[in-house]
Amino acid sequence: MITLIKRPAPSARWAWATPLLAVLATMIAGGLLFAALGTDPFEAIRAIFWDPILGPNASYFRGQLLVKAAPLILIASGLAVGFRAGIWNIGAEGQYIVGALSGAWLALHLYPAETVWLFPAMVVMGALGGLVWGLIPALLKVAFGVNEILVSLMLVYVAENLLAYMAFGPLKNPDGFGMPGSRNLQQYPSAHNPELLAGTGAHWGVVAALIAVIFTYILMHRHIAGFRIRVAGEAPRAARFAGVEPKRLVIFCLGLSGAFAGMAGLFEVAGPSGQVTDSFNAGYGFTAIIVAFLGRLHPVGVLLAGLLMALTYIGGDVAQLMLQLPPAAIQVFQGMLLFFLLGFDVLTNYRIRFGRRA
Amino acid sequence: MIGGIDITTLIAMLMVASTPVLLAATGELVAERAGVLNLGVEGMMILGAVGGFAVAVSTQNAYLGFLAGAVCGMVLALLFATLTQIFLSNQVATGLALTLFGLGLSALLGKSYEGMRPPATPRLDFGPLSDIPVLGRILFSHDWVVYLSLVLVALVWGFLRFTRAGLILRAVGENHHAAHALGYRVILVRFAALGFGGACAGLGGAYLSLVRVPQWTEGMTAGAGWIALAIVVFASWRPERVLIGAYLFGGITALQLQLQAAGYAIPVHLLSMAPYIVTIVALVLLSIAHRHGAQAGPASLGKPFHASS
């Protein structure tokens with residue numbers, strides 16, 4: 001008989017060990033999945049985790065690592081703050097889209113502006129767009145007590161339809177011979193989010209992601225506000241006695257994560273993606289949820305988890321190219337990772353005892 | 001005909017459009033009444049959609065397809081049950097994981113089934129009843145799953161209200177410690193409730209891919225699972241209100257599709273937003289209505305249960 005005994009406090013050692021265990025277990029289970037799909041599991045694991053960094057064509061893929069990691073880290077560091085407080089913003093994908101649309105709208109509206117102020121203004125617009133989209137569920141929760149999970153998620157579908165409407169309608173490239181999609185912002189110098197150091201993939205979004213990590217670290221671990229957020233998540237009643245205003249917390253957390261997601265969307269649409277199309281959003285807003293949990297809702301953890309998750313994206317591309325692994329396989333792989341992580345977390349909070357009940 | 005829209009067709013379409021969310025919402029209601037919040041409805045639905053489609057196409061038998069859809073949903077739900085009830089993981093996070101995993105797995109499995117046509121799902125034969133003008137078209141022209149979903153709502157209603165097992169299930173959802181102290185097997189009850197919920201969601205998903213659309217496309221549930229979750233809240237955890245909520249939602253969807261077909265000058269994408277916006281508005285209105293009274297969900301909803309604490 002195996003019994004679980006609750007630990008008085010979560011084990012710090014296990015809290016950091018479980019993500020590693022989960023990655024290991026995912027590699028094994030993923031290997032079995034790939035074998036079932038008729039791919040050599042060792043080849044597949046090597047293609048995903050090794051080749052992008054150290055393989056023969058690594059110089060190309062290494063640049064992609066930061067391109068993919070930046071939005072994930074930027075979004076996840078905002079989400080992690082809210083998750084700590086028990087505020088579940090799962091609509092980051094929608095905030096990402098609206099942020100991108102707002103910033104791109106400004107640039108396309110002013111086309112062809114030639115000023116260095118355009119790009120910073122677009123970033124601000126992106127953040128504002130995401131902020132507004134994130135504040136809708138926040139205000140509905142504060143004013144009427146509506147569940148923020150459902151509202152933030154519904155707004156993803158609204159945002160996706162808005163994106164399609166914009167790409168086929170108002171933002172369509174007037175010189176595009178009727179093709180859907182906006183003007184390419186990569187060919188619009190003052191609106192372009194360029195690669196800052198050739199070959200690294202580092203654009204302004206990478207800088208923003210690093211700033212976000214440092215900002216959330218200071219906020220959560222060096223500032224009284226972070227302490228309050230954590231208390232609110234772990235012991236809501238105690239937090240209320242300590243003078244934490246739950247309504248302000250909801251607005252702050254959803255606003256912050258919305259603004260971060262909006263900025264991530266803007267950096268993507270003005271940089272690597274370049275164009276507003278109905279499918280430019282790549283699901284980063286959802287993958288960022290996995291990143292936040294894998295990083296233990298800790299800013300440094302989020303940074304590492306974002307890099308790892310970006311690696312699986314690129315590894316997925318490599319595996320698709322070299323081993324004809326279907327693209328959805330990597331999504332399954334990421335989902336499994338989250339499952340294993342959540343399952344192994346029992347070790348953080350509980351001690352396992354074999355033998356009869358004490 | 002009003003404004004180019006045929007009301008009879010609209011209502012008949014409404015019943016078909018509502019069936020997937022009605023099934024999923026009924027199943028989720030049972031799980032939530034047992035005190036478990038499973039946010040993985042979307043994942044279970046889409047796996048049911050692909051699993052049901054694959055089996056129906058390869059056996060050319062729609063019944064087997066629906067069965068397979070329900071089994072797929074149930075398997076995923078039992079995975080959720082194992083993680084949340086035995087490994088005591090966070091229910092919100094695990095539910096999200098279930099949805100992400102389901103979406104990925106369905107895309108992987110469904111790749112080779114894109115563009116195929118499923119075998120026809122038989123309509124129930126009501127003989128002369130279906131020839132009644134208007135009513136016959138609305139009530140007696142559907143396939144058997146539509147009627148099954150209605151029967152299921154009635155059964156769940158009766159089960160929760162009149163049976164001893166239903167009482168135990170509600171006790172577990174309201175106060176799992178008390179139920180445990182009385183000797184009821186909290187975890188077992190929750191496994192059963194989650195399994196039932198998963199089977200319903202899978203069945204709803206299979207209905208989408210086998211009847212409603214009918215074909216397999218990646219991500220075809222498009223938030224139907226989340227809307228089912230919203231409908232459970234909207235219904236204040238009461239089965240008869242789930243029916244109202246689901247038909248209301250189906251009505252909006254059907255109306256929106258009819259408006260598109262009637263060629264109104266509203267852009268398609270803006271019309272497609274309607275069901276989601278209406279769902280949000282419905283949740284807000286409900287919260288306002290319940291402002292002073294209790295909009296009571298089961299008291300133990302979403303809380304982890306560990307016998308030692």
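In which loop of chain B is B:Pro267 found? I located B:Pro267 in the loop between α11 (239–261) and α12 (268–289) of chain B, where helices (H or I, at least four residues) and strands (E, at least two) are DSSP runs numbered from the N terminus.

Before going further I noted that this is a predicted model, in which local features need pLDDT of at least 70 and side-chain atom pairs count only at pLDDT 80 or more, whereas totals for chains, interfaces and linings use all residues. Residues are numbered from 1 along each chain as its sequence is written, and chains are lettered from A and ligands numbered from 1 in the order in which they are written.

**Entry 1: B:Pro267.** I looked up its surroundings and found that B:Pro267 counts as partly exposed because it has 16 C-beta neighbours inside 10 Å; the rule is that 20 or more other C-beta atoms within 10 Å make a residue buried, 12 or fewer make it exposed, and anything in between is partly exposed, with C-beta atoms placed from the backbone. Not counting residues up to four places away in sequence, B:Pro267 touches A:Tyr165 and A:Gly169, a contact being two C-beta atoms, placed from the backbone, within 7 Å.

**Entry 2: the interface.** I then took the two chains together and read that 39 residues of chain A are in contact with 40 residues of chain B. On the chain A side, the elements that give two or more residues are β1 (2–6), α6 (118–144), α7 (148–168), α12 (284–294) and α14 (328–344), and the largest share, 11 residues, comes from α14(A). I sorted that side of chain A into 29 nonpolar, 8 polar and 2 charged residues, with Ala, Val, Leu, Ile, Met, Phe, Trp, Tyr, Cys and Pro as nonpolar, Asp, Glu, Lys and Arg as charged, and the others, Gly among them, as polar.

**Entry 3: α14(A) against α4(B).** I followed α14(A) to helix α4 (residues 91–110) of chain B, and the two pack at an angle of about 155° with their axes 8 Å apart; axes are lines fitted to C-alpha atoms, for helices over the stretch in contact, and angles run from 0 to 180 degrees between N-to-C directions. That angle makes α14(A) roughly antiparallel to α4(B), a label for angles over 145 degrees, with under 35 being roughly parallel, 65 to 115 roughly perpendicular and the rest oblique. The residues of this contact divide into 15 nonpolar, 5 polar and no charged, including A:Phe339 and A:Leu342 in α14(A) and B:Phe101 and B:Leu108 in α4(B).

**Entry 4: a helix pair within chain B.** I also checked helix α1 (residues 7–33) and helix α9 (residues 186–212) of chain B, whose axes come within 7 Å and cross at roughly 170°, which makes α1(B) roughly antiparallel to α9(B). Their contact divides into 16 nonpolar, 7 polar and 2 charged residues.

**Entry 5: two positive phi values.** I found phi near 60° at A:Arg296, a positive value in a residue other than glycine, in the loop between α12 and α13 (299–323) of chain A; A:Arg296 counts as buried because it has 20 C-beta neighbours inside 10 Å. Phi of B:Gln60 is near 55°, and B:Gln60, in the loop between α2 (41–59) and α3 (62–86) of chain B, counts as exposed with 11 C-beta neighbours inside 10 Å.
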